[in-house]
Amino acid sequence: MSMYALLRNNPTPKMVDVEEAFQGNLCRCTGYRPILEGYKTLTVEGGCCGGRGRDDGCCMTNGNGAEESCEEDVDESTFLFNAADFAPFDPTQEVIFPPELMSLTTTQTSASLCFHGARATWLQPGSLDEFLRLKWKHPAGRVVVGNTEVGIEVKFKNMVYPVILAPAFIPELNTVTHTEDGVVFGAACTLSHMGAVLKQAVETLPPHQTQVFLAVLEQLRWFAGLQIRNVAAVGGNIMTASPISDLNPVFMAASCRLTLMDKDGRRVVRMDDGFFTGYRKTSLRPQEILLSIEIPYSKESQFVSAFKQSPRREDDISIVTAAMSVTFAPGSEVVEDLRLSYGGMAATTMLATKTAKRLLGRQWGEELLQEACSSLAEEMTLDASAPGGMVTYRRTLTLSLFYKFYLTVLQKLREQGVNVVEVRSDCLSAAEVYHPETPSSVQIYQAVLEGRGQNDVVGRPMMHLSALKQATGEAVYCDDVPLYENELYLALVTSSKAHANILTIDASAAESMPGVVSCVFAADIPGSNTTGPIQSDETVLASQQVTCVGHIIGAVVADTQVHAQRAAKAVKIHYEELKPVVTIQEAIAAQSFYQPIRTIQNGDLEAGFKQADHILEGEIHMGGQEHFYLETNVTLAVPRGEDGEIELFVSTQAATKTQSLVAKALGVPANRVVVRVKRMGGGFGGKETRTTLLSTVVAVAASKLQRPVRCMLDRDEDMLITGGRHPFYGKYKVGFLNSGKVVALDVSYYCNAGNSMDLSLSVMERALFHMENSYSLANVRGRGFLCRTNLPSNTAFRGFGGPQGMMVTESWITDVAQTLGRPAEEVRRLNLYVEGQSTPYNQMLGQFTLDRCWDECLSRSGYQQRHAAVNLYNKQNRWTKRGLAIVPTKFGISFTALFLNQAGALVHIYADGSVLLTHGGTEMGQGLHTKMVQIASRVLDIPCSKIHISETSTNTVPNTSPTAASASSDLNGAAVQNACEILATRLEPFKTKNPKGLWEDWVKAAYFDRVNLSANGFYKTPDLGYAFDSNSGRAFNYFTYGVACSEVEIDCLTGAHKNLSTTIVMDVGHSLNPAIDIGQVEGAFMQGLGLFTLEELHYSPQGVLLTRGPGSYKIPAFGDIPTHLTVSLLRDAPNDKAIFASKAVGEPPLFLAASVFYAIKDAISAARVESGISGPFRLDSPASGERIRNACSDRFTKLCPPAERGSFTPWSVQV
């Protein structure tokens, strides 16, 4: 929709327009690259050259740095689509914009409107006079223009505003006037409009007049997304009085004039330190409105800068914002006026008045800088328990941002000919304003050799079967199923306490509310209230005790979603609170563990440590991760009216598990429950077991009322209830030789399992199976402890413990390199496995390709040249540093639970020759159905167009394993192959009889000959089965290998970082579909990038999740893609252990994003050397701006020491 809107407004956009239009759009699957690449074809720079060639050759090959080194590889392909195949965009063929709507915008006169709701009255005044009268009559009425703030308060903060005033169309509030002193904007002007006017002014006015305008425009660049800026008003931004507003610091630093008005007249006030009177309060009287703001021209000797530091650059709320304005005595460097305004440092936007006063009359130089920093450190204090946390970081930022301003002003003074000290060349980069570069990318794979049949599409880059439907919005997801007659909506009632006994539940108020049909509690469950995917250690509905915030206690069923959710909030629960265990460290202290404690041991640890030249100990904590699938959990349950039958439409990766747990709760056999899954909007492991939390409750409600019941969780509910990736804490002791060869490792893993076992044991087992990553260790012991805590149970997440296990490995191998002062890549290479070696769990490595991946990654990334360039850059820059890291991965493919390594398929050939294919796997966007159709097409030797997959359901293929562990193509593909081979054999006699006939002829002949045209397929992975007690047996069928090299640049003053380049080489065997596999590699990499550098879940010390939506939890956006991204699928690497020599691809690439983390660590090391610090240091994951900044120890961090642990209650804790 963003692209459509852009093209409607600008049929010939540039890539920079596309990037701006996409701000605020999030995607969790693709890694963004294909979206940008697809849309690039609609831009001025994109599109096909039609064979005419461009400056650097044909558009199909330009930008591809791979040809030079690999010209002899004639079967190497570097494009996944041909832009020449696309119909050109023709704006004349678009549907016209509805004339009625067009006339509304041109003849817009503000009419008086009034809407009465059950709980609110919405008033739209027709004139300014009417608005003033209404505000006088309703002084507490909320004024709304874009509804970007009030809408959120009403939905998520349960605020009720009885009167809402909407003056968006009043002319006086929308006018823009240019005066002698500046530009006056009506308070209802949108931020987009304000930006356009200021841009125009900057282009036409002399530069010295537009300093304030440029500062506003700099903040608008990163202010929310275009959709928000198009409706949000400047007046709303001021009056919301947010302490972390991006614009208010600029308005304060510029001392903007505000015109206020009530029915008795107007007054003008300045935005100074008296305007904001408290948290979200201003000095306006209740009856007053804000009419306009005047943004002033700057003076000849005035310099203004604005800064914003946030977890993610685009579309993110700030941690600290600042705007600074300095005016000098003409022609000198003597400070005449100074205004330093900060957001995020108090309950209001504030001015550093004491510091500014101290610096008046001083010369702009080193002495002033010292004084300013000491004074700011004293003045800009924060309580150690301040909301938002990150106190040391925020205090340091106030100094760092002033230093950036100081350098910028020095440069500008010199440009004006004022005799000030020159900025050292190595400090120049600190004052640079960030401008993103348009990303470029290369994808390389082995093309299918000429001469293969056209029907055989295995190995070709075939488009995802649902791609067009998904792009147009026609793809049907669970909540798109049309409403049934009599359907009801369910809302959950959840615990607000982390650990408590339930004393009473009072639902009387809820039951009497409009639309409510029934409440559902534990007593209403007809079958068993105990549930759980493996251990039955959970309840469907809690009745006596709750063990986490978000624990489901009951549900309210009503006629609409609004009524159900409103009533659910009215259920009153009284608790007797118990002490919760929230963090891993608290669990260790309380010895709160689930059993068993797993151990894998090999070699002689004692002898290994004796042999070592050095022994080091270290630790690392790795935070959890929210799945953030774009479609939240949803279930629709439809009772069938007889024999206890019920049909469920569910967004789940595990149809069979859902069937069995629903049957158990309803007290019926599994054959009465049908679970149907059309597709999911993302799963990532989060829909493997935790979907049953919702499905069982919805099924119980539908069974009780004998009516269809639906529930789709809101994002905040989903994040609160369903758990995520396990946080891990790793402690290690490693022995190594002077050469860097590791000879002994003793490592302990602790994971935060949450309030039930779920899949935590299997997650920990996989972490232990990956504790050596790709390195050969003769003497090793790994132990895994499952911490029982009062958090929602953590669960499966892409990688399933593997990334956590390997992250600890890469931490100690980096420590080894830093201890010895050797390059990390040298130490990694020295310790890499070679063909034929055994893992700590005694599995021999055959068909080993990791060394090939490593060497290809070094050459494709130009590692040596890059390394030299990084070293040179770091010598030349003090406040920005670059880092480089190359990281391998070895990922075991199979379910660690033996029985799950099986799959079934059911194939029907109908008399008209069409084929209906069903298998046990579910489609969650990963392209599984597409690959299954490719496999069936090859085996049956028919075009893909004849084959259809409708859905996954428990009444077609029974007893299925969840779609997980990256093994679904292997397992289901082999089952599909099996079924299709059976059918091909049955059709063979008819082919032989009529060799020139068509497929349809053979099918018809077989049908008339009464041949069964339906077949079951089945597959189980052979020779698997590992035993922990004897450390023997094959844990995995095979391994997927990969290597990534990443380069980053960090800003040592703010902790921000840029992902400059990444090169990935992945061994996926003979790819079934290179387009889908490269998409999987990129999507997994970007999800890993979020895990290791950006995504942070914050919990209060009481176990309350504080990050419950995209406003506070940040997944990577378009701007986080590496500027240069190369993905190469290793050639000539067949895998004899899986279908058509392919390999699993879903999870293995995720860990390669650790290359970005360790490149950041490399850059921090370079910064620490500047401060005289060397050797290993602890950097926890994710490498957030806060952690990066605090680790770059320097003169500014020393002025802001952290508060002593234990002397305060933190806002959030590391769980």
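Which strands does helix α21 (residues 691-705) lie across? In this predicted model, helix α21 lies across β18, β20, β24, β28, β29 and β31. The helix runs at about 25° to β28.

These strands belong to an open sheet. The sheet has 8 strands, in the order β20-β24-β18-β31-β28-β29-β30-β39. Its pairing is mixed. The edges are taken by β20 (516-520) and β39 (952-953). Each edge strand has a single partner, so one side of each is left without a neighbour in the sheet. Within the sheet, strand β28 (residues 634-639) pairs with strand β29 (residues 646-650). The sense is antiparallel, and the pairing covers 5 bridges.

The protein is divided into four listed parts: domain 1 (1-45), domain 2 (170-361), domain 3 (488-579 + 626-721) and domain 4 (902-1020). Taken over C-alpha atoms, the centres of domain 2 and domain 4 are separated by 64 Å.

A second open sheet has 4 strands. Their order is β13-β14-β15-β16, and the pairing is antiparallel. Here β13 (302-309) and β16 (350-351) stand at the edges. Each has a single partner strand, so one side of each lacks a neighbour in the sheet. β13 pairs with strand β14 (residues 320-328) over 8 bridges, in the antiparallel sense. A306 has A323, in β14, as its bridge partner. Helix α14 (residues 391-415) lies across β13, β14 and β15 (335-343). The angle between α14 and β13 is about 145°.

Rolling a probe the size of a water molecule over the atoms shows where empty space is left. The count comes to 7 cavities of 30 Å³ or more. The largest cavity holds about 460 Å³ of space. Its lining is made up of 32 residues. Nearest the centre of this cavity lie M924, Q926, S966, Q1080 and G1146. Of the elements, α29 gives the most, with 3 residues. By class, the lining has 12 nonpolar, 13 polar and 7 charged residues. Why does the largest cavity lie between domain 3 and domain 4? Both domain 3 (488-579 + 626-721) and domain 4 (902-1020) give residues to the lining, so the largest cavity lies between them.

Some backbone details remain. Most residues other than glycine have a negative phi, and most peptide bonds are trans. The peptide bond from Q595 to P596 is cis, with omega near 0°. P596 is found in strand β26 (residues 593-602). A cis peptide bond also joins S1181 and P1182, where omega is about 5°. P1182 lies in the loop between α32 (1154-1170) and α33 (1185-1191). The backbone of N773 has a positive phi, near 45°, in a residue other than glycine. N773 sits in the loop between α23 (760-769) and β34 (780-788).

Notes
Residues are numbered from 1 along each chain as its sequence is written. This is a predicted model: local features need pLDDT of at least 70, side-chain atom pairs count only at pLDDT 80 or more; totals for chains, interfaces and linings use all residues. Side-chain values use heavy atoms; hydrogens and water are left out. On a 1 Å grid over the protein atoms alone, a cavity is a set of points where a 1.4 Å probe fits but cannot get out, and a pocket is an open set with protein on both sides within 12 Å along at least five of seven lines; lining residues have an atom within 4 Å of a point. Grid points are joined across faces, edges and corners, and a volume is the space filled by probe spheres set on the points. Helices (H or I, at least four residues) and strands (E, at least two) are DSSP runs, numbered from the N terminus. Ala, Val, Leu, Ile, Met, Phe, Trp, Tyr, Cys and Pro count as nonpolar, Asp, Glu, Lys and Arg as charged, and the others, Gly among them, as polar. Domain bounds come from an automatic or database domain assignment. Two strands pair if DSSP finds at least two bridges between them. Contact means heavy atoms within 4.5 Å. Axes are lines fitted to C-alpha atoms, for helices over the stretch in contact, and angles run from 0 to 180 degrees between N-to-C directions.
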